[in-house]
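Subject: Structure handover

Hello,

Here is the structure I promised to pass on. Please open it first, then read the notes below.

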Amino acid sequence: MKTLIVIDFLLAVSLIATTGSSDLQNCFQEQIQLQAQVRLLEHRVKQQQLKIIQLLEKKEIQYSDRGDENSVIDLGGKRQYSDCAEIYNDGHKQSGFYKIKPTQSPKEFLAFCDMSEGGGWTVFQRRSDGSQNFNRGWTDYEEGFGNFVLTNGEYWLGNKNLHYLTNQGNYTLRIDLSDFEGERRYAQYTRFGVADEEHSYQMSCGEYSGTAGDSLTGGFHPEVKWWADHRGMKFSTRDRDNDNYEGNCAEEEKAGWWFNRCHSANLNGLYYKGPYTAKTDNGIVWYTWHGWWYSLKSVVMKVRPAHFEPNIV
């Protein structure tokens, strides 16, 4: 900008020297001043535009976070609860993070209690926006990781805690799924359980019901169970290979999961936004709904005692 002003000034001086007219000299001086002012205004307008964009982006973030505030609920430590079903039936109907302590657990830990759909659901996995890295090692999956504060925060409760939780009795697993077109579906399984560390957190479950199709046990076709049935599979991570595949499913699929050879369900996969392309089907996959090459928008995995009866009082 300064260079253009200097050039304009030199041209004007040259022209003034040639004509020798004072009126013309004044005219060109005024023109130079106006041109400088216009350029200064243009610069200020660009600065203001950038500022407006920054403010709009900041406002958008504030709006997106609204309603996703701190949802840790402190009950004052009056008593210990073994799961969210007990919390619900003790009169606490608000969804949020509560402290629970399953009977064999050495300590309390935070878990999100989903009090919708009858209430009493203990959430052990949530995917919502790709904010957390689920491509982690054995220790992280064993102990748990993620955001244990925000309502929609992504997290994994921890295989150790999941074992303590499901080892208390007969639990039902419910998986809530949604896609980027706004559609929602679910899959539900009876007798869901996770073994202890000695058995590499082996997963078991029973019969399927729901609207998303049976991707967890390969029930969509009898001839695929040898590779698509995740029941009886030990947990695998990139640094602990327990699958039935010649390679390392967890490493290829970028997730920790109960892989077989490798999967028809991979709910801890990479967060893509809908259809994707990759070397392997490593998105958030539920095969019987959207196939291998569509990554879901959100997932919630939660458990509740099979014989749970909500306390209406």
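Start with Cys 113. Cys 113 is buried, with a relative accessible area of 0%. Buried here means under 20% relative accessible area, exposed means over 50%, and partly exposed is in between (1.4 Å probe, protein chains only).

Two notes on the basis of all this. This is a predicted model, in which local features need pLDDT of at least 70 and side-chain atom pairs count only at pLDDT 80 or more, while totals for chains, interfaces and linings use all residues. Residues are numbered from 1 along each chain as its sequence is written, and side-chain values use heavy atoms, with hydrogens and water left out.

Disulfides

What is the partner of Cys 113? A disulfide joins Cys 113 to Cys 84, with an S to S distance of 2.0 Å. A disulfide is a pair of cysteine sulfur atoms within 2.5 Å. Cys 84 is in helix H3 (residues 84–89) and Cys 113 is in strand S2 (residues 109–114). The two are 29 residues apart, and the pair links distant parts of the chain. Helices (H or I, at least four residues) and strands (E, at least two) are DSSP runs, numbered from the N terminus. The torsion about the S-S bond of Cys 84 and Cys 113 is about -75°, so this disulfide is left-handed. Cys 84 is buried too, at 0% relative accessible area.

A search of the whole structure finds two disulfides. The other one is formed by Cys 249 and Cys 262, with sulfur atoms 2.0 Å apart. Cys 249 lies in helix H7 (residues 249–253), and Cys 262 lies in the loop between H7 and strand S10 (265–266), so the pair ties together parts that are 13 residues apart in sequence. The link of Cys 249 and Cys 262 is left-handed, with -90° about the S-S bond. Both of these cysteines are buried. Counting bonded cysteines along the chain, the pattern is 1-2, 3-4.

Cys 205 also counts as buried, at 10% relative accessibility.

The chain as a whole

The chain has 313 residues, and buried residues make up 43% of them. Its secondary structure comes to eight helices and 14 strands. Take the contacts (heavy atoms within 4.5 Å) between residues at least 6 apart in sequence: 54% of them join residues at least 24 apart. The chain exposes about 16,800 Å², and carbon and sulfur atoms supply 51% of that. Accessible areas come from the Shrake-Rupley method with a 1.4 Å probe; for residues, only the protein chains shown count as cover.

The largest pocket

The largest pocket has a volume of about 540 Å³. On a 1 Å grid over the protein atoms alone, a pocket is an open set of points where a 1.4 Å probe fits, with protein on both sides within 12 Å along at least five of seven lines; lining residues have an atom within 4 Å of a point. The volume is the space filled by probe spheres set on the points, which are joined across faces, edges and corners.

The lining has 26 residues. Asn 152, Ser 178, Arg 184, Ser 298 and Val 300 lie nearest the pocket's centre. Strand S6 (171–178) gives the most to the lining, with four residues. S2, which holds Cys 113, is one of the elements giving two or more. By class, the lining has six nonpolar, seven polar and 13 charged residues. Ala, Val, Leu, Ile, Met, Phe, Trp, Tyr, Cys and Pro count as nonpolar, Asp, Glu, Lys and Arg as charged, and the others, Gly among them, as polar.

Asn 152 is in the loop between strand S4 (145–146) and strand S5 (155–156). Asn 152 counts as partly exposed, at 41% relative accessibility.

Backbone points to check

The peptide bond from Arg 261 to Cys 262 is cis, with omega near -10°. Glu 117 is not a glycine, yet has a positive phi of about 50°. Glu 117 lies in the loop between S2 and S3. Arg 191, in strand S7, has a positive phi near 50°. Arg 191 is partly exposed, at 45% relative accessible area.

Best wishes
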